[in-house]
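The following paragraphs lead the reader through a predicted model. They begin at the protein surface and then turn to a ligand site.

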Amino acid sequence: MIRLENVHKKLGGRTILDGLDLEVKQGETLVILGRSGTGKSVTLRHIVGLMTADQGRVEVLGQEISARHQAALLEIRSRIGYLFQDGALLNWLSIADNVGLPLRERHSMKEKEIQERVEEVLSEIELDGHGDKMPSEISGGMRKRAGLARALIGHPEILLHDEPTSGLDPISSSIINGLIQKLHGTGITQVVVTHDMRSAFEVADRIALLHAGKVIALGNSHEIQESSDPAVQQFIHGLVEGPLGRETSEQLEPDQPDKEESGLS
Amino acid sequence: MVEKLGVFIGRYIAPLLSFLRRSADSTGFGLVLLVRTMLNTPFLFSRRRIRDSLDLCYSYCIGSFLVTSVVALFTGMILALNGGNSLEELGQESLIGPIVAVSMIREMGPFMTALILTASLGSGIAAEIGTMKISEEIDALRIMSIPPIRFLVLPRMVALTLVTPVMTIFAAFIGILGGSLVANSQFDVGWLAYRTDALESLEFRDVFTGMLKSVVFGITIATVGCTQGLLTRGGATGVGQAARRSVVVSFLLVIILGYYISWSFLS
Ligand SMILES: Nc1ncnc2c1ncn2[C@@H]1O[C@H](COP(=O)(O)OP(=O)(O)OP(=O)(O)O)[C@@H](O)[C@H]1O
Ligand SMILES: [Mg+2]
């Protein structure tokens, strides 16, 4: 379904991904864990072609993702849903219009059908009745769910979540976890990036721990919890001392212009 | 010695080089953006894009209407006052109207309107798109296969290309009106005489130059605003910088392009 082979990526002069290998199987929910700045979001961006690998190969739904295949990229993206950290809703459109946006812009669907489909997904993620509100009028958790609704509206085969529960209270987190599990039941392939250990163990079929641009541990919830690897133990128990080190590698170079990110295509 | 040189380069030369590189990069980006937006104009002919553009036109007009009126009124008054003072000595008060009219329609109107729109709308576009960039909304659009050029840049470009000439004509009109107030109250030029003199002095070439300038300025302001917005990075500070850069760059381009358009029509 998704395969990353030996992916290398440098950003702002720093190596972020350093020979990353990762495979996501059809219908599974893979959780990616890792410290801040290890390149989890960068990994997701490679899967949808928002970034392309300096070296190595990214294959999604049987197609290679690369800058050369723009038409294929558009086709692949229409089969992927991406849930951004804060929902990434357009603030001048209502929730319903945000959710319906992909259908209105991409398809020649009738307005009535679009509205029906919007109602349907909104009730799927338990946001019915909030369609007329503006993004600024609802809570962070609801914005994330609205983002999820927008990602789901085109019946994607793959769903990527970037920190679906960060910044949410435990109850809202549980609602989101429940949704991820419900989607798992429908056979959709999911990749979930999270810092929330409880959520990770709850939703994951498999868990990958990312460090220094590589996957350093991979296994199901049980294997990861019982792992004797000190790095894994340090991470899941949040120990200050251990092989992963104390400081994150987070460090931004504000003056680096980055062409790839400037959003032309 | 070598160490000192290193420190000097690090402190003064490196930032300069990075500034130059960034300027070159954003110039290139801006030109590519402009060309690609133009190539995308066929996509304007959909109900949704036309509606977006007209909505923007309306809000841009509302947003710049008041300040343009005030500035244009006083510009016209200043022109009449200065011109009148010199012309009075020569007994040529009847030339006040033509001077105000020609300079408002050909030079001051387009220039002044462009500066106002740069400050009020161009910076707003940069900040708006910049905010969308840092909150990943632009990425979200790309993933939904909604090209930001079609969805965001094109309507803004169209709206500013239409609004700038309209506001320029409006500013020229208000400016000529302001001139008449001064001509009438300070230099005893009759309303009717002022109007006739002003209108008769206008040649097609002046109006055409003014309109051409305002269209070019509108495209410039929109391109610069969108470019700086799309190149935004680094959180809220980045959005502030994008807005500031868009104003500075547009100011420079407006004044330079304005000169060359005038020059090409005079020679
Ligand atoms: N466009 C970019 N240009 C330069 N550097 C970047 C860019 N995007 C990300 N980085 C850098 O890459 C590193 C990894 O970023 P990424 O967003 O993938 O981290 P993450 O693992 O998702 O962390 P977090 O848990 O904090 O979200 C960071 O250090 C970041 O500074
Ligand atoms: Mg991240």
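In this predicted model, chain B carries a nonpolar surface patch of about 930 Å². The patch is made by B:Val248, B:Val249, B:Leu252, B:Leu253, B:Ile255, B:Ile256, B:Leu257, B:Tyr259, B:Tyr260 and B:Trp263. One of these residues, B:Tyr259, belongs to helix α8 of chain B, which comprises residues 235-266. The relative accessible area of B:Tyr259 is 48%. Because exposed requires over 50% and buried under 20%, B:Tyr259 is classed as partly exposed.

Attention now passes to ligand 1. This ligand is surrounded by 20 residues, and the closest are A:Arg14, A:Gly37, A:Lys40, A:Ser41 and A:His195. The site is shared between chains, because the residues around ligand 1 come from both A and B. By class, the shell consists of eight charged, seven polar and five nonpolar residues.

Within chain A, β2 (14-24) and α1 (40-47) each contribute at least two residues to this shell. The most is given by α1(A), which supplies three residues.

Several contacts to oxygen atoms of ligand 1 can be described individually. The side chain of A:Arg14 places an N or O atom 2.6 Å from an oxygen atom of the ligand. For A:Gly37, a backbone N or O atom lies 2.8 Å from a ligand oxygen atom, and a backbone N or O atom of A:Lys40 is likewise 2.8 Å from an oxygen atom of ligand 1. Taken alone, ligand 1 exposes 630 Å², of which the protein buries 84%.

Note on methods: Residues are numbered from 1 along each chain as its sequence is written. Chains are lettered from A and ligands numbered from 1 in the order in which they are written. This is a predicted model: local features need pLDDT of at least 70, side-chain atom pairs count only at pLDDT 80 or more; totals for chains, interfaces and linings use all residues. Side-chain values use heavy atoms; hydrogens and water are left out. Patches are made of residues with over 30% relative accessible area and no salt bridge: like charges are joined within 9 Å, nonpolar side chains (Val, Leu, Ile, Met, Phe, Trp, Tyr) within 5 Å. Accessible areas come from the Shrake-Rupley method with a 1.4 Å probe; for residues, only the protein chains shown count as cover. A salt bridge is a side-chain nitrogen of Lys or Arg within 4 Å of a carboxyl oxygen of Asp or Glu. Helices (H or I, at least four residues) and strands (E, at least two) are DSSP runs, numbered from the N terminus. Buried means under 20% relative accessible area, exposed over 50%, partly exposed in between (1.4 Å probe, protein chains only). A residue is near a molecule or strand if one of its heavy atoms lies within 4 Å of it. A polar contact is a pair of N or O atoms within 3.5 Å; within protein, one must be able to donate a hydrogen and the other to accept it, and residues adjacent in sequence count only if both atoms are side-chain atoms. Ala, Val, Leu, Ile, Met, Phe, Trp, Tyr, Cys and Pro count as nonpolar, Asp, Glu, Lys and Arg as charged, and the others, Gly among them, as polar.
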